[in-house]
Amino acid sequence: MTNLLYVFEGMTSFPTLIAAVVGVLWGMCGGALPGISTAIAMSLVLPFTYGMDPSSALVLLGSIYIGSEYGGSIPAILIRTPASGSSAAAVLDGYAMQKQGRGGEALGLSLVGGTIGGLIGLLMLTLMTQQLSKLALFFTPPAYFALGVLGLSVVAAVSPGQIVKGLIAAILGLMLATVGSDPVSGVTRFTFGYPELLGGIPVIIVMMGIFAISELLIQARERHWPDEVAKGKTKLVLPSLKKLWELRVPQFIAVILGLIEGLTPGGGGSIASFMSYNEAKRWSKNPEKFGKGSEEGVIAPETANNVVALTALIPTLSFGIPGTSNAALLLAALLIHGLHPGPLLFSAHPEVVYRMFGGLFVANIGMFVFGILLLSPLIWLVNRPKAYLRAGIFVLIFSGVYSINLSEFDLYMVLAVGVLGFLLRALSFPYLPFILAVVLGYMIEANYRRSLLITDGDHIVFLQSPLAVGLLSLAALFVLAPLYRQFRNRKSVPSATNDIA
Amino acid sequence: MKMNWQVVALSSAVLALSVPPGWAQEKQAYPVKNVTMVMQSSPGSGGDLFLRGVSLHLSKYIDANFAVENITGGSGAKAMAFTAKAPADGGMLMGVSPTYINTSIISKPPVGFSDLQPVVRLFLDPVIVVVKGDSRFKTLADVVAEAKTKPMGIKVAVGEPGGLEGQTMVELMQKTGTKVAVISHDGGGDALLSVLNGTADLGIGEVAELKGQLDSGELRPIATYSDERINGYPDLPTAREQGIDMVIRKFRGIIAQKDISPEAVKALEAAVPKLLEDKEFKAWYQQGSLIPAFQPREEFTKFINDFAAAQKDYFIANKVITQ
Amino acid sequence: MKRSVVTGAVLLGIAVLYWYLADGIPKSPMSGSVGADGLPKLLAICLGVLSLILIAQSVLSPASEPAAAAADVEDTGDAEFTGEGFFLALKMLTIAVVYVLILPVLGYAASAGLLLLAIAMFFGRPFGFQVLAFASVGAVMAHLVFVTLLGVRMPTGFWPSLGWF
């Protein structure tokens with residue numbers, strides 16, 4: 001009961017309230033700028049949390065996390081420029097909707113999905129942290145490998161005519177993911193002597209290249225339509241309750257995957273949002289709409305990354321293991337205030353923890369309100385003449401990428417990935433397999449090899465974890481089912497059309 | 001990302017909540033007013049926390065403002081190049097851990113450890129061996145005994161591949177003639193989870209990141225690779241006491257440009273010992289069981305050179321590098 | 001030569017090169033039974049096989065190719081890319097590369113302004129007061145956001161050496 005009182009205090013006391021509002025607003029604005037990652041937006045204010053009381057400090061940082069996860073989707077949907085890895089999945093259908101003049105709807109779905117995801121995540125965090133933290137323990141290396149394979153298995157679902165090209169795209173993505181230090185031994189691979197490549201090619205650079213730069217290169221041929229202004233509504237459109245109920249399946253999927261990715265350290269927002277996109281497509285009644293402006297394809301990843309922003313705090317608080325690198329900053333704030341996360345934190349300092357939960361509730365509501373206020377002007381902004389808009393996007397991408405590592409090398413890297421993305425698209429390779437492979441490649445390889453270390457090279461390790469067996473069987477089913485269907489169709493109808501999506 | 005702290009124009013309300021620092025002590029003169037301390041890892045990492053802790057308290061003893069900048073990328077290669085390029089007036093320092101030596105040796109970046117001047121060493125991070133609370137292992141000797149009967153039977157979780165923790169296990173295997181499976185992870189947190197869920201039988205880590213689990217008894221320390229027993233764990237024997245002659249010196253220190261201003265060095269050499277005695281700072285670093293291990297420039301330089309030579313031998317012996 | 005045959009040949013080349021690079025990865029006793037080169041070599045083989053299939057497909061069934069290609073394009077408008085499209089993309093890429101080259105020389109704001117000007121004109125805006133105003137206002141805004149507000153250390157270029165500041 002006292003805990004509930006603390007939650008209420010967190011929602012009403014002045015310092016936490018201010019921290020929540022300022023944090024979420026700064027997070028949304030910072031998060032919307034490419035290159036200003038959540039971690040950077042958080043670390044910019046970290047010095048100011050030293051002097052604050054612990055709950056306000058945590059609320060401030062947590063609110064930035066929440067706001068930033070949402071903010072990143074704004075440029076992803078409006079200008080196909082994902083500001084962070086976790087918002088990149090929103091490009092797929094969000095930008096497709098924007099091109100159809102439904103950008104306001106996409107942003108509405110993203111905002112409401114994010115708010116719902118955040119509130120559900122907060123509920124899980126508040127009520128079930130201790131229980132859910134046990135769930136993280138099931139994700140051993142074999143299980144995590146299996147989860148990655150399940151995510152990648154969606155590659156098999158591209159249409160039969162594209163299967164070779166889809167596989168090639170996936171392999172190219174996996175190749176890109178092998179650049180950098182080897183996940184098991186630490187030896188360098190494919191770095192060509194550039195120390196910049198030691199840590200691998202950052203996901204955000206891949207996303208900016210593959211989505212934003214490739215789009216600009218594709219649009220280069222549209223130079224003869226100089227004065228066109230994007231048509232369509234220039235207002236934010238919130239989804240109705242009826243619509244939200246129709247979209248319950250993708251949201252449910254997003255909550256589950258967001259929870260898993262938040263709980264386990266190796267994952268994070270980008271894996272959660274892409275996996276949610278995959279599964280939403282797989283379980284959808286209208287999978288053919290995905291990639292062409294599907295509402296399910298927007299709400300699933302957008303709900304997932306906001307779930308992660310809160311569930312990542314579960315292992316942070318209960319184990320002292322940050323679920324994502326952003327949650328590590330919250331951990332930092334805890335440590336600076338002399339609080340040691342772990343099983344004892346909840347009993348030793350309930351007031352700090354539960355006040356923080358209260359503050360984060362305010363932040364979620366604040367995000368919704370600010371979203372409504374901020375989005376309409378932004379939609380207006382991107383409906384300017386295209387020549388100016390595209391020039392502005394170029395400057396935004398380059399400024400953002402440069403600010404990550406202050407490196408011209410990164411600028412060349414984003415251009416190179418952009419050219420690769422352009423070639424994939426111009427030669428009509430499906431590029432979703434490529435992106436999935438980049439996002440999941442490291443996780444699959446690292447955990448595969450870690451698993452084999454456990455048994456000294458024996459593959460039986462994958463059968464020893466029930467979770468791994470379940471996930472791998474599911475993946476096998478998803479790969480084999482379309483092949484079987486195709487095989488049967490071909491037998492019965494010799495001239496089968498290839499529209500089994 | 002580099003940042004000065006102007007952002008806070010956005011959050012003046014937050015500013016109002018912060019407390020001004022104390023002014024009581026007498027301060028060392030310093031050649032410049034604003035000092036940037038470069039950190040190669042991202043905000044929130046262990047190294048970043050260390051440097052932020054130092055920058056927070058150092059201005060009590062030195063007449064300058066200290067701010068931390070995270071210059072990530074290339075496992076420190078970028079930060080080293082950035083630091084070396086800056087004017088040597090004391091305005092740009094870099095906080096380091098063994099990573100910068102390893103990166104210099106393994107990937108041979110244009111600017112390496114030998115192009116920079118060690119200034120002061122502050123701490124040694126005790127590296128400890130932990131097991132799950134209910135583990136069959138009580139001592140490191142138990143582990144070695146079982147490893148002798150079951151080669152590759154014991155699984156050890158360590159942090160990043162190529163890090164000091166993994167190296168600890170390789171040395172242990174070589175010293176005792178045993179073989180265990182060393183499983184590297186993406187970081188300390190990941191490795192900790194593997195110990196908690198039983199994937200690994202033991203883990204190697206730093207007290208600071210394991211503290212919560214150690215306090216609650218979910219994890220139990222069985223040895224520390226330090227010279228002496230560590231603060232907060234008086235009953236935890238060192239590896240040496242258990243008959244394994246190994247000490248791991250995971251240092252934390254400050255380095256700068258080759259021709260760093262002598263006044264800046266003098267100020268730091270004078271201020272750091274006082275800082276290590278500072279009551280608030282002490283409370284902060286003792287929680288992480290950091291061992292204060294001050295060394296002035298001359299000694300620290302020798303320490304770094306010896307350390308680097310040992311690392312190089314190790315990498316060559318284990319075929320990480322060729323010559 | 002058909003486009004997909006060329007694509008297949010290039011991919012085959014990448015596979016061979018990648019194998020060669022993977023073979024040069026140092027062998028570490030820490031890398032386990034699969035080794036640091038395990039996955040890369042597997043990928044190289046798969047890519048090699050798939051690129052051969054791609055070539056074979058287009059040689060054997062020339063007619064069906066465009067239809068199959070257009071079947072599952074994620075974004076509308078990506079299909080049927082013409083030679084002119086490639087040329088224009090190359091032109092835009094050149095502008096981008098020039099920007100990266102002049103960035104350390106001219107500094108952030110000036111380069112950003114020139115980039116804005118170049119891209120706006122590339123998309124058909126005539127040179128004149130309007131684009132110049134757009135480029136200079138845009139450059140100032142970019143400087144205000146990234147340098148003044150966020151404190152990113154953008155390249156200053158040669159300006160400080162003139163000693164005006």
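**Entry 1: an ion pair in chain B**

I started at B:Glu277, which is exposed at 55% relative accessibility. This is a predicted model, so I keep that in mind throughout. I looked for the partner of B:Glu277 and found a salt bridge with B:Lys282. The closest N and O atoms of this pair are 3.5 Å apart. B:Lys282 is partly exposed, with 25% relative accessibility.

Next I went to helix α2 of chain B, residues 46–58. There I found B:Arg52 and B:Asp48 with their side chains in a salt bridge, 2.8 Å from N to O. How far apart are B:Arg52 and B:Asp48 in the helix? They are four residues apart, so about one helical turn separates them.

I checked accessibility for both partners. B:Arg52 has a relative accessible area of 2% and is buried. B:Asp48 is buried as well, at 0%.

**Entry 2: a salt bridge within a loop**

I turned to B:Asp227 and B:Arg240. Their side chains meet in a salt bridge at 3.7 Å, N to O. Where do the two residues lie? I place B:Asp227 in the loop between β9 and β10 (250–257) of chain B, and B:Arg240 in the loop between β9 and β10 too. The pair therefore ties together parts 13 residues apart in sequence.

B:Asp227 is partly exposed, at 37% relative accessible area. B:Arg240 is partly exposed at 41%.

For the tally, I searched the whole structure and got 32 salt bridges over all chains.

**Entry 3: B:Ile222**

I looked up B:Ile222 and found it in strand β9 of chain B, residues 219–224. Is B:Ile222 buried or exposed? It is buried, with a relative accessible area of 1%.

I listed the contacts of B:Ile222, leaving aside neighbours within four places in sequence. Among them are B:Val129, B:Val131, B:Phe137, B:Leu140, B:Val143 and B:Leu236. The list also includes B:Lys138, B:Thr139, B:Pro237 and B:Gln242.

B:Ile222 and B:Gly166 are 56 residues apart along the chain, and their C-alpha atoms are separated by 17 Å.

**Entry 4: chain C against chain A**

I moved to the interface of chain C and chain A. I count 76 residues of chain C in contact with 76 residues of chain A. The buried area is about 6600 Å², and carbon and sulfur atoms give 73% of it.

How many salt bridges cross this interface? The rule finds zero. It does find three residue pairs in polar contact, both residues at pLDDT 80 or more.

I asked which helices of chain C supply the side that touches chain A. At least two residues come from each of α1 (3–23), α2 (38–60), α3 (65–71), α4 (83–106), α5 (108–122) and α6 (129–149). α4(C) gives the most, with 15 residues. By type, the side of chain C that touches chain A divides into 53 nonpolar, 13 polar and ten charged residues.

**Entry 5: cysteines**

I looked at two cysteines. A:Cys29 is partly exposed, with a relative accessible area of 40%. C:Cys46 is also partly exposed, at 31% relative accessibility.

How values were computed
Residues are numbered from 1 along each chain as its sequence is written. Chains are lettered from A and ligands numbered from 1 in the order in which they are written. This is a predicted model: local features need pLDDT of at least 70, side-chain atom pairs count only at pLDDT 80 or more; totals for chains, interfaces and linings use all residues. Side-chain values use heavy atoms; hydrogens and water are left out. Contact means heavy atoms within 4.5 Å. Buried area is the accessible area (1.4 Å probe) that two parts lose on being put together, summed over both. A salt bridge is a side-chain nitrogen of Lys or Arg within 4 Å of a carboxyl oxygen of Asp or Glu. A polar contact is a pair of N or O atoms within 3.5 Å; within protein, one must be able to donate a hydrogen and the other to accept it, and residues adjacent in sequence count only if both atoms are side-chain atoms. Ala, Val, Leu, Ile, Met, Phe, Trp, Tyr, Cys and Pro count as nonpolar, Asp, Glu, Lys and Arg as charged, and the others, Gly among them, as polar. Buried means under 20% relative accessible area, exposed over 50%, partly exposed in between (1.4 Å probe, protein chains only).
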